[in-house]
Amino acid sequence: MNLTLWIAQGILAFAFIFVGTMKVFAYDKYKALSEKNGPTGITQGLAGFIGSAELAGGFGVVLPMATHIIPWLSPLAAAGLATIMLLAIGFHLFRHESPAAPGVLFLLAAFVAFGRFSHWN
């Protein structure tokens, strides 16, 4: 189970660091990709805020446990990423887009949060 959780954490870290970096440092490219079905209404400031939260979560889901420095932050980061993805699912449904990608990331983040929180019970 520990190996499965580490694999899920690695996938989450990769996905959120990649997408968060694009939102924070390459907003124009992110905007072009996200507005294929019409304007999203996401400003550069909001995208930067969401991207920063995704970057923090992407690093936070792995680094605390990997370095053994405050390891209980990793499940909290996973819970935060699950919350972000739950909001993203609602956003995609509102725009009549497929919520598949945020849905999968939500399930992975929830799995990591529950799996890692159960360690402290």
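A residue is called exposed when its relative accessible area is over 50%, and buried when that value is under 20%. The model discussed here is a predicted one. Its chain has six helices and zero strands.

**Fold and dimensions**
- Read from the N terminus on, the elements of the chain follow the order α-α-α-α-α-α.
- The radius of gyration of the chain is 15 Å, which agrees with the value near 14 Å that a compact globule of 121 residues would have.
- Along its principal axes, the C-alpha trace of the chain spans about 45 × 25 × 20 Å.
- Among contacts between residues at least 6 apart in sequence, 68% join residues that are at least 24 apart.

- Of the 121 residues of the chain, 40% count as buried.
- The chain exposes about 7100 Å², and carbon and sulfur atoms supply 75% of that area.

- In helix α2, which comprises residues 27-34, the residues Tyr27, Tyr30 and Ser34 are buried.
- These residues lie on the same side of α2, because they cover an arc of only 60° around the axis.
- The cover over the buried residues of α2 includes α1 (2-25) and α3 (44-60).
- Asp28, Lys29 and Ala32 are exposed, and they are carried by the face of α2 turned away from its buried side.

Definitions and conventions. Residues numbered from 1 in each chain as written. Predicted model: local features only at pLDDT ≥ 70, side-chain atom pairs only at ≥ 80, totals over all residues. Heavy atoms only, no water. Buried < 20%, exposed > 50% of the residue type's maximum accessible area, 1.4 Å probe, protein only. Helix = DSSP H or I, 4+ residues; strand = E, 2+ residues; numbered from the N terminus. Arc of directions from axis to C-beta. Contact = heavy atoms within 4.5 Å. Rg over C-alpha atoms; globule rule 2.2 N^0.38 Å. Areas by Shrake-Rupley, 256 points an atom, 1.4 Å probe, with all protein chains shown as cover.
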